[in-house]
Amino acid sequence: MNDWEPQRSLVGRSRELASLETFLSAALAGRRMTALVDGPSGIGKSALISGFLSRHPELLVLRASGVHWESGEAYGVLQQLRSSAGQGTPLAPDGPSEPWQDPLTAGIDFMQLLGEVQQTAPLVIIVDDVHWADIESLQAVSSALRRMTTGRVLLILLGNTNHPGELPAGVPEFMADFGGEVMTLGPLTAPDIQRMAATAGPVLSLPAARQLLEHTQGNPLYIRQLLQECPASMWLQWQAGLPAPRAFAATVLQNLASCSPSTRAFTEAVATLGLTARLADAAALADLDEPLGAFEEACTAGLLARSQSGGLYTLSFPHPLVRAAIYESLGPLRRALLHRRAADIMDDEGQRLLHRVAATPLPDQGLAGDLDAFAARQAASGAWSAVADALIKASRLSLSKEDRQSRLLLAVDALIGAGDLDSASALIPEVESFDPSPLRDAVLGYLAILRGRPNEAEQLLTSAWQLRSPTDPPEVSARIAQRRVLHSLAQWRGPAMVRWAEQATELAKPGDPSRTESQAIVGLGLGAAGETQEALDTYDRYCSQDNPGAQSQRVRMGRGWLLLALDKPESARIELESAVPTEYQMGSARISLFARSWLARTEFVLGNWDAALHMSTRAASLAESSGIELLRPLAHWTATEIYALRGDWEAASEHLRRASATSGNYEMMFIPACLARAQFAQVQGDYEAVVRALQPLELLQPRQGIDEPGFWQWHDVYANALVMTDRMQDAHEFLVPHEKLALLRGHRSTIARLAYVRGRIFGAEGDIEAAKMSFEHGLAQLDGLPMPYCRARVKFAYGQTLRRAGKRREASAQMQDAKDAFTVLGAHAYVERCERELRAGGLSSARREGLDFSGLTAQEQAVAKLVSGGLSNKEAASELYVSVKTVQYHLTRIYSKLGIRSRSELAASFRNGAER
């Protein structure tokens, strides 16, 4: 073993090592501790245990290992444990005087041995490959440990999920009886793989690490072997495919050689078709009329895996390395022959082209042209991953330097459009070697935008526009203009969005992706400029058009974002849900990330915080995997606020850290980062920190869009913090222009938000009647709007202001309403603040009796009756002919109005109400 292998073997295993330390501490304290360390072959179980034991040389270790051909040999593992007790210890126990008659007798004998050995040091017993251990040994060990009166023994079993059906029946029983812990080792992550390689091997880029992760499924053994076997220079370049480790490939090929000729031909055909294939295609390629026998033999040999869907077999490999080993063994000539035949068999155009490329080792201008045409058709539907793949292949097959460069530039552009920034970045050194051109600089500018680098993007896009010449095709100019649209969106400058979108639309032909993407954003530009009705009309017009494939994703995302800003969260949710593409829609990761982030915000506004957290987590995961820095703060913003409101400060702090941005970043990054910091501080009651977080937004220039009501709700948070830090005049001066703009736009939730701050100011000035009028005006604006948290915030401020004015009973009613709403939402931090306010007012915060159901709407009463009768949300929705989400929304309002928290409370309250 090389000196760097132990270090690499334990990369990414800090949590597992910590768990083993915890188990050992418990064992040393006298607890009977058993751990099952599980995972597939090569995942690093033995390396983990060796690393753990190296930290504790004081421990005595008894070790045994199951072997599949000895699994029927009674007490074989126990004999190994007895033998290991004599190695490295002052005791050399003799074997039993006569063969053991049963596990109990063997267990008592083993217990006596353990008692003698344990006198010198704490003891760790390790049974490797426990899935092949004999049952008698396990029963004997169980009997021994059960009868030991003193502890200081840690038992570690190593299992193998490659053989889940082979675990002896005694193992699950053993674990259940002893309260054992199961520790399943998962795959390494891409950063783990980078760290593993960096200890002494090649330096891996993140794209290379991710490719290696997918190829090996994160198995440390296979990763280590490939890093050692492949030349370091290989990892510096983009690879169409990776080999299998030599030892792994030898085993696979040995299994393949043992199969019949028809099975070998069938398996090689599947490997030619890819990681998965249809049974009919593989049979046709292998020229087999009856393929099931070959399929069965290949599965038995561990070469293929069975899966069935809709009555049809789908062929796959048990591991990507199995396919790699078989495919690499074919040789260039046989591979080319099989791919040519596959191209004739496949009915999908993309698959046919893929096989034609694989069968063509030399440049082929005709095939490159076919790939070009295919990419253009895929681009029209927004399938950017397919576009990129086709253009990369076309570039490699091109005869002229000009064609190679232009096709590669368009391929990188498509990768960026798909959100695969890591793969795009792997090709950037080659792109940067090209001479400056409008297309080159536009592509590099596009990447700079999504990397969150506004100054770099500005320089590149300006250069691209200036480098245009009359001989350039108009679609190049349209592409640059469309990138300018995205650049303006990231800067949140409405008029610039509209101006560049009009330019792109004018330059691009109908159906050109640049035209469609620009049209999808122009409505947001109009909205940010205050032209909300024109923005809605624009989206209505575009939604009525037939946008093919994933292009509709862009329009619906923009429309959903606009609807959320216009106080229509329920309609926004419908649009945004449609803008989160499935694997079948092949949409843009960037648009999906926008949609997920704003859908999380929509669910937050609606009071569905669990759904909001789920979507925010998905957005954050996509931001990380895609490398789209531009939307990272937006993705983490909502999770930061919810976790803070729920009092989970550790999770909130982590999301806040990941939401960070500076004034040198795009406004699209900086604004949500400031809001996340401010809302985190607001929940803590640190209003000075709120002011510090939001002051940069007050100073932003130019201000186009940032003050437009509805898009970025920061004004009330900032003004409220000014009030709470006794800066009344500053708060008043800040509020006036925003109150006028909100009134001019008729934006109800913004009017309500600013009204509660104005109410605080009136209260502080002693004009309590004006304060009450302001709060009531704000609450009236929220009537009919499904915004429970916004309403609760107004009620909370109302109650605080009344209590400080000595209106204790009125304050209590408002604060109790706020508390009930916060309780339903799970905003524990504010529930506690409400309780403190109620105690400070000298009134009880106990739940109110004699609930009044008359305040419920007819629909709410119908929902309450059905749910209190025991129906699920789905059943109630079916009964009322509404959606499940509508029932959930009504329940949220019912809980808030009645001041209850659960279905059982609702049932009891409804029955009591009916009786009265």
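**How do you know? Reading a predicted model**

Q: What makes the span of helix α42 close to the expected one?
A: In this predicted model, helix α42 covers residues 828–840, which is 13 residues. The expected span is 1.5 Å times one less than the number of residues, and that comes to 18 Å for α42. From its first C-alpha to its last, α42 reaches 18 Å, so by the definition of expected span it is close to what you'd look for.

Q: Why are some residues of α42 called buried?
A: The cut-off is under 20% relative accessible area. Ala829, Tyr830, Val831, Arg833, Cys834, Glu837 and Leu838 are buried, so each of them falls under that cut-off.

Q: Which helices do those buried residues pack against?
A: They pack against α32 (632–645), α34, α35 (687–699), α40 (788–804) and α41 (808–825). Packing here is about contact, so heavy atoms come within 4.5 Å.

Q: What makes the largest nonpolar core a core?
A: Its members are buried nonpolar residues joined through side-chain atoms within 4.5 Å. There are 173 of them, and Leu489, Trp561, Leu630, Met668, Leu694, Trp712 and Phe822 touch the most other members. Helix α34 (residues 667–684) gives the largest share, twelve residues. Take Leu489: leaving out residues up to four places away in sequence, it touches Met497, Ile521, Leu524, Trp561, Phe594 and Met668. There's also a second, separate core of 35 residues, including Tyr222 and Val270.

Q: How do you know that β1 and β5 pair?
A: Pairing takes at least two bridges. Strand β1 (residues 33–38) has four bridges to β5, so the two strands count as paired, and they run parallel.

Q: How do you know which parts of the model to read with care?
A: Where pLDDT is low, the predicted coordinates should not be read in detail. The chain averages a pLDDT of 87, and 90% of the residues score at least 70. Residues 1–8, though, are below 50, and pLDDT stays under 50 over residues 582–586 too.

Notes
Residues are numbered from 1 along each chain as its sequence is written. This is a predicted model: local features need pLDDT of at least 70, side-chain atom pairs count only at pLDDT 80 or more; totals for chains, interfaces and linings use all residues. Side-chain values use heavy atoms; hydrogens and water are left out. Buried means under 20% relative accessible area, exposed over 50%, partly exposed in between (1.4 Å probe, protein chains only). pLDDT is the predictor's confidence in each residue, from 0 to 100.
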